[in-house]
Amino acid sequence: MSLRFMEINDLKRIMELEDQLFYPDGWNEDDFLYEINENDFSFNYVLEIDHHIIGYVGLWLIYEQSQITTIGVDKAYQHQGYASYMMHSMIDLSLLHGCQTMSLEVRVANTPAIQLYQKFGFEIEAIRKDYYRNHDDAYLMVKRLEEGQ
């Protein structure tokens with residue numbers, strides 16, 4: 001298993017996973033291209049097993065704050081600790097860059113994801129009304145970062 005920087009050549013597989021996991025509200029290829037090529041605050045990774053991409057995660061590092069922009073694991077590999085592995089890695093990266101808080105948005109109805117984030121110490125701070133394209137609401141969840149986590 002390896003976590004490495006996302007490359008443009010990975011986008012075909014990433015788009016397959018976006019459709020599998022987030023259709024119709026997922027990101028499109030242009031969204032990922034912007035994050036990879038133009039957003040200086042954006043760090044995007046893929047999780048591979050035997051050179052096969054099974055997951056991905058995006059993180060913005062903005063001064064003392066970090067934000068998970070996207071995270072997904074192929075349905076065939078879910079509930080095996082891969083999302084937790086990526087979360088740990090992003091927390092470590094955020095701490096390495098001196099971040100004090102980490103945030104993310106999650107669909108209000110996505111109970112498994114909310115439970116995962118709560119396991120990592122994220123707390124619901126606010127509701128973002130009509131956050132998704134289909135008008136679903138999202139929770140803004142925030143975690144205070146501390147050394148030794």
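**Salt bridges and a buried lysine**

Modeller: In this predicted model, Asp 74 and Arg 13 join their side chains in a salt bridge, with N to O at 2.6 Å.

Colleague: Where in the chain do Asp 74 and Arg 13 sit?

Modeller: The pair links distant parts of the chain, 61 residues apart. Asp 74 is in the loop between strand S4 (65-73) and helix H3 (82-96), while Arg 13 belongs to helix H1 (residues 11-22).

Colleague: Is Asp 74 buried or exposed? And what about Arg 13, buried or exposed?

Modeller: Asp 74 counts as buried, because its relative accessibility is 8%. Arg 13 is buried too, at a relative accessible area of 17%. The cut-off for buried is under 20%.

Colleague: How many salt bridges does the structure hold?

Modeller: There are 10 salt bridges in the structure. One of them joins Glu 105 and Arg 128, with the closest N and O atoms 3.1 Å apart. Glu 105 lies in strand S5 (residues 101-107) and Arg 128 in strand S6 (residues 123-128), so this pair ties together parts that are 23 residues apart in sequence.

Colleague: Glu 105, buried or exposed?

Modeller: Glu 105 is buried, with a relative accessible area of 18%.

Colleague: Which side chain meets Arg 107 in a salt bridge?

Modeller: That is Asp 136, at 2.7 Å, N to O. The pair links distant parts of the chain, 29 residues apart: Arg 107 is in strand S5, and Asp 136 is in the loop between S6 and S7. Asp 136 is partly exposed, with a relative accessible area of 29%.

Colleague: Moving on to Lys 143. Where is Lys 143 found?

Modeller: In strand S7, which covers residues 138-144.

Colleague: What is the nearest side chain of opposite charge to Lys 143?

Modeller: Glu 146, but it is 7.6 Å away. Lys 143 is buried and has no salt bridge.

Colleague: Why would 7.6 Å leave Lys 143 with no salt bridge?

Modeller: Because a salt bridge needs a side-chain nitrogen of Lys or Arg within 4 Å of a carboxyl oxygen of Asp or Glu, and Glu 146 is 7.6 Å from Lys 143.

Colleague: What does the side chain of Lys 143 reach?

Modeller: The backbone oxygen of Phe 120, at 2.6 Å.

Colleague: Different topic. Which residues does Ile 71 touch?

Modeller: Leaving out residues up to four places away in sequence, Ile 71 touches Phe 22, Tyr 56, Val 57, Ala 83, Met 86, Met 87 and Tyr 117. Ile 71 lies in strand S4 and counts as buried, at 13% relative accessibility. The C-alpha atoms of Ile 71 and Met 87 are 8.7 Å apart, and the two residues are 16 residues apart in sequence.

Colleague: And the whole chain, how many helices and strands?

Modeller: Four helices and seven strands, in the order β-α-α-β-β-β-α-β-α-β-β along the sequence. The radius of gyration is 15 Å, close to the 15 Å that the globule rule gives for 149 residues, so the chain is as compact as a globular protein of that length.

Colleague: What share of the 149 residues counts as buried?

Modeller: 45% of them. The accessible surface of the chain is about 8400 Å², with 48% belonging to carbon and sulfur atoms.

Conventions
Residues are numbered from 1 along each chain as its sequence is written. This is a predicted model: local features need pLDDT of at least 70, side-chain atom pairs count only at pLDDT 80 or more; totals for chains, interfaces and linings use all residues. Side-chain values use heavy atoms; hydrogens and water are left out. Helices (H or I, at least four residues) and strands (E, at least two) are DSSP runs, numbered from the N terminus. Buried means under 20% relative accessible area, exposed over 50%, partly exposed in between (1.4 Å probe, protein chains only). Lys and Arg count as positive and Asp and Glu as negative; His and the chain ends are not counted. A polar contact is a pair of N or O atoms within 3.5 Å; within protein, one must be able to donate a hydrogen and the other to accept it, and residues adjacent in sequence count only if both atoms are side-chain atoms. The radius of gyration is taken over C-alpha atoms; the globule rule is 2.2 Å times the number of residues to the power 0.38. Accessible areas come from the Shrake-Rupley method with a 1.4 Å probe; for residues, only the protein chains shown count as cover. Contact means heavy atoms within 4.5 Å.
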